[in-house]
Amino acid sequence: MTIGVSDTYDPSQQVGFWRSKNYSLSRSSLFPDERVVIPSDVHIMGASEMLLDARRLASHNTGVYESLFVYGADPIGSQRIILDLELDLQFPREITISVDIDSYIWVTHNFRPALSMGIYLAPVIDQQVPIHKHNHIYVDILMPQSTEDQGLDGTQREEWWTKSIPLSSIPHVPFGVLSTANHTSNLLLCFPRMIHNRVNSSRRATRIPLDVIDLFWNEVVLPSISLEAPTSSLPYVDTTVHEIRYKSRKGGSSRRPKAIPFSQMAFKKIQKHMRTLVDQSPMLASYGSFFFVLEGKGIKLWTKDGQDGRYTSPYEALKANFSNLDWDYMMDRTHGELYLDVGASFNPIGNFVGLWRLDALQASFREGGFKKGTTHHTGTLGRYGGIQAEMTLEHAYHSQICFRSAYQLCYEAIRPNNNEPKFVSDKDAYNLTEGYLKECQWIHEIYNGGPSHRGYGCRDEYRMSGQAALEVLPQLKDRAKAFLKSQPILWIHSHVWFGLMDSRLEGLRRAQKTLKTENPPNYGTKTSILCHLLRCLNSTPIVMDPHLRQSLKSLDVERVCDRDGMLFLYDLDSQIIPEDSADVRKTMGANIKSRRKTLALPNLTADSDDWPIGPEPSWKDVVKMIEQHPQLLMRHWIYDSIWDPGDSDVGLLFVQFTREFWLQLGGTQTTNEFADAVTTNNRICDTLEEAMTCWSLDRVNQWIISIKFQACSAGLEGDKPGRPHLSFVQRRTTFFPDRDTAPLQSSKWKTYWTEGYISQYHKLCSQLSEAQWDHLQDRLDILFANIQCLPDANKPTAKSPGSTWTLAYDQDSIKIVTNPCFYRIQKVGGQKRAIKRPTVIKRAQDFRAEVMRMQGRDPRRNQPVHPRKAHIDRRSVKVKCARKPPTRQIKVESNHSIY
């Protein structure tokens with residue numbers, strides 16, 4: 001834990017001087033320049049200041065979270081924001097340091113447990129191999145000699161070449177399990193003679209084919225187990241892998257086979273039999289030279305500070321809590337190599353979050369002899385994060401340290417159990433699915449829950465040999481205290497840090513909804529960038545998609561993070577491609593063949609103000625205009641007090657109908673404006689005017705993300721093709737039905753009938769006289785006749801559940817019917833006759849005649865012979881097989897002459 005910065009290190013200067021203060025243009029004392037540059041295009045803010053501005057402006061500026069935390073733009077002055085977390089610096093009252101052992105890995109040729117060991121009776125089938133990522137441990141593999149090196153008699157040269165290969169590149173399978181009440185360790189079996197690359201790839205193939213590993217179990221493992229298993233245990237030991245899989249299939253859904261326990265001596269004999277069987281059979285030569293790897297992870301809480309002083313050191317706690325392993329035997333390097341992960345944690349007293357300062361951390365890694373490694377920017381912050389790096393070979397030989405990892409413990413707030421962060425796919429965000437919104441909601445609840453009232457420090461972890469760990473552990477705490485004095489950690493309040501992450505999450509979620517509403521040509525590319533920023537909140541994701549990699553390259557991420565303190569998308573539109581490619585649309589699940597529709601708007605001159613597309617447009621033009629530009633064809637909606645029925649029951653029924661219908665609409669279809677409206681007033685509307693406004697064209701456009709407007713021909717004069725449409729007055733019975741049309745149990749209308757406004761409507765109708773009932777229907781008809789939009793709902797019947805909000809066919813747009821009373825047309829005109837387009841080429845017979853005349857032949861004497869088409873009987877089978885009555889014979893009278 002080496003200190004890399006000097007004694008004059010000032011961590012407060014994280015933001016460049018030229019960005020934060022006025023600076024002179026003088027570059028030399030010989031040529032002084034009195035001009036001073038005052039930076040006015042940037043606004044340097046801390047996280048707490050950004051949070052205060054967001055809360056203050058959110059009530060009257062719904063896009064403040066997008067502007068501040070996604071695009072990095074000041075919503076007031078439109079200045080570029082530079083995030084400086086040093087402005088939020090707070091010092092904890094005390095910082096405690098704890099030392100522990102987090103995991104162990106033992107590579108050995110002869111495995112020996114202290115107690116019993118379980119062996120799998122069949123190969124374990126998993127989705128990926130146990131060591132699927134590089135664990136920074138290497139194995140020296142002895143390379144076979146060539147024919148030239150061996151010589152004629154095989155003894156020409158005695159030296160052998162070795163090659164250092166990562167342990168994760170060697171094909172391996174789970175072999176056994178070592179379980180106690182405290183922990184479970186996995187025993188892996190590695191086959192170095194199977195090392196090879198994948199087909200058409202430079203990467204190693206580590207997953208062994210099923211038939212290959214089945215052969216090893218049938219010919220080596222199971223026979224060796226049968227030789228050493230006691231007689232009383234043989235009935236429980238199967239003889240073939242096929243038999244074991246059959247029992248596993250019948251026994252349940254688990255695909256992990258049964259493990260049989262064996263004592264230390266029995267396991268030793270089983271290993272010996274396995275090697276003997278492999279050496280005796282040339283068919284099994286590829287399984288030779290196998291070795292074992294014992295792996296145990298996540299044990300830091302069992303060893304931290306010797307379990308709070310119960311033991312003298314973390315190593316003594318490790319030996320006491322995991323007594324099923326012979327640690328003295330494992331420490332002996334003649335039996336193999338033991339690796340221990342030794343870590344030091346810096347924990348604050350109080351609700352603080354610690355962030356590694358990358359400049360100080362990089363200097364420490366460089367001074368300690370580590371490679372450049374991988375830098376992880378926490379939440380895309382430019383100057384804070386973690387580093388993982390291997391030690392150079394020269395230093396590793398002397399220190400016996402192979403790897404170092406420094407990271408923040410605030411990651412533990414949302415860390416998955418398998419340590420493999422996984423967010424929803426870009427396709428889910430593109431389509432704004434329920435899973436995407438639910439994932440965002442879960443993270444939001446975590447950020448606003450316990451973590452914001454708890455302290456999270458930093459951790460520095462080293463992977464080293466067991467012998468080196470015994471030397472390092474006694475003095476590691478003192479070295480950590482000295483390292484802490486170099487100020488490598490920034491401390492801020494927990495509520496500030498998690499508030500920043502939660503606001504970033506809220507801004508990204510709102511930005512995604514805004515993009516879904518606007519649907520720009522590069523919607524897929526922008527979605528992939530926003531999802532990448534979402535994943536960066538809790539991990540450092542690996543960029544796999546080529547289009548995302550190209551977009552991040554165009555954004556110049558590293559420079560933006562260093563300049564702005566965080567990855568803000570201030571110049572997003574000018575730096576990425578303007579339209580999605582076919583590959584992007586395919587990845588997002590969009591229709592590749594579909595294109596964005598554009599309609600050339602008519603020139604709205606003074607004469608056409610009343611009739612935007614003419615006084616008598618065709619019905620086809622009306623439908624097209626309503627689908628694409630309804631705001632041009634429909635008059636602006638204005639509330640008229642004459643619509644007020646004066647009866648409080650009628651108004652309350654309509655208000656309740658409006659509330660409940662809008663609340664039924666899912667979050668995947670509503671915009672940020674609707675969410676803000678519900679947050680401001682969870683009742684949505686309180687008066688009749690507000691309720692009718694909710695069904696205006698402007699409000700529907702504002703609250704629903706994707707809409708397919710439908711034209712309605714009810715009440716219009718002129719040529720209206722197709723079936724007649726229901727008017728809005730007639731549609732009132734769909735939303736306020738009679739009692740005798742009760743919906744099915746699975747109907748979307750069911751809640752309205754049992755708990756909602758329809759149950760109140762029926763209850764009110766049962767208390768009214770016939771005249772009062774007629775008055776209620778008339779007042780409701782007036783209200784429905786004067787609203788602009790309604791969902792394309794279907795009334796439930798005895799056989800059909802009906803529908804409330806429906807999606808258009810093969811689209812994710814909600815169908816909304818418009819009121820024809822607001823159309824700016826006089827009547828529907830006739831269909832315009834299509835103008836026949838001029839032909840480009842001559843007819844075939846005319847062209848043939850011209851060619852023959854050019855050749856000097858007479859086209860009239862050389863008529864083409866057209867083959868006669870075979871007659872196809874297109875009658876149905878029933879008609880063909882129908883009985884045909886016999887033809888009636890007609891009797892003809894003949895005159896006989898007698899001679």
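The lining of the largest cavity is made up of six nonpolar, one polar and three charged residues. Keep in mind that you are looking at a predicted model. From the cavity we will move on to the salt bridges, and one group of residues will take us there.

**The cavity**

- The search finds one cavity of 30 Å³ or more.
- The space inside the largest cavity comes to about 70 Å³.

**Salt bridges across the structure**

- How many salt bridges are there in the whole structure? A search of the whole structure turns up 31.
- One of them joins R459 and D100, whose closest N and O atoms are 2.7 Å apart.
- R459 sits in strand β18 (residues 458–465) and D100 in strand β5 (residues 95–108), so this pair ties together parts that are 359 residues apart in sequence.
- Are R459 and D100 buried or exposed? Both R459 and D100 are buried.

**A pair between helices α9 and α16**

- D305 and K477 form a salt bridge, with 3.6 Å between the closest N and O atoms.
- Because D305 lies in helix α9 (residues 305–309) and K477 in helix α16 (residues 466–484), the pair ties together parts that are 172 residues apart in sequence.
- D305 is partly exposed, with a relative accessible area of 25%, and K477 is partly exposed as well, at 30%.

**A pair between helices α14 and α18**

- Another salt bridge brings together the side chains of D426 and R535, at 2.7 Å from N to O.
- D426 belongs to helix α14 (residues 426–431) and R535 to helix α18 (residues 523–535), so here the parts tied together are 109 residues apart in sequence.
- Why does D426 count as buried? Its relative accessibility is 7%, and buried means under 20% relative accessible area.

Key: Residues are numbered from 1 along each chain as its sequence is written. This is a predicted model: local features need pLDDT of at least 70, side-chain atom pairs count only at pLDDT 80 or more; totals for chains, interfaces and linings use all residues. Side-chain values use heavy atoms; hydrogens and water are left out. A salt bridge is a side-chain nitrogen of Lys or Arg within 4 Å of a carboxyl oxygen of Asp or Glu. Helices (H or I, at least four residues) and strands (E, at least two) are DSSP runs, numbered from the N terminus. Buried means under 20% relative accessible area, exposed over 50%, partly exposed in between (1.4 Å probe, protein chains only). On a 1 Å grid over the protein atoms alone, a cavity is a set of points where a 1.4 Å probe fits but cannot get out, and a pocket is an open set with protein on both sides within 12 Å along at least five of seven lines; lining residues have an atom within 4 Å of a point. Grid points are joined across faces, edges and corners, and a volume is the space filled by probe spheres set on the points. Ala, Val, Leu, Ile, Met, Phe, Trp, Tyr, Cys and Pro count as nonpolar, Asp, Glu, Lys and Arg as charged, and the others, Gly among them, as polar.
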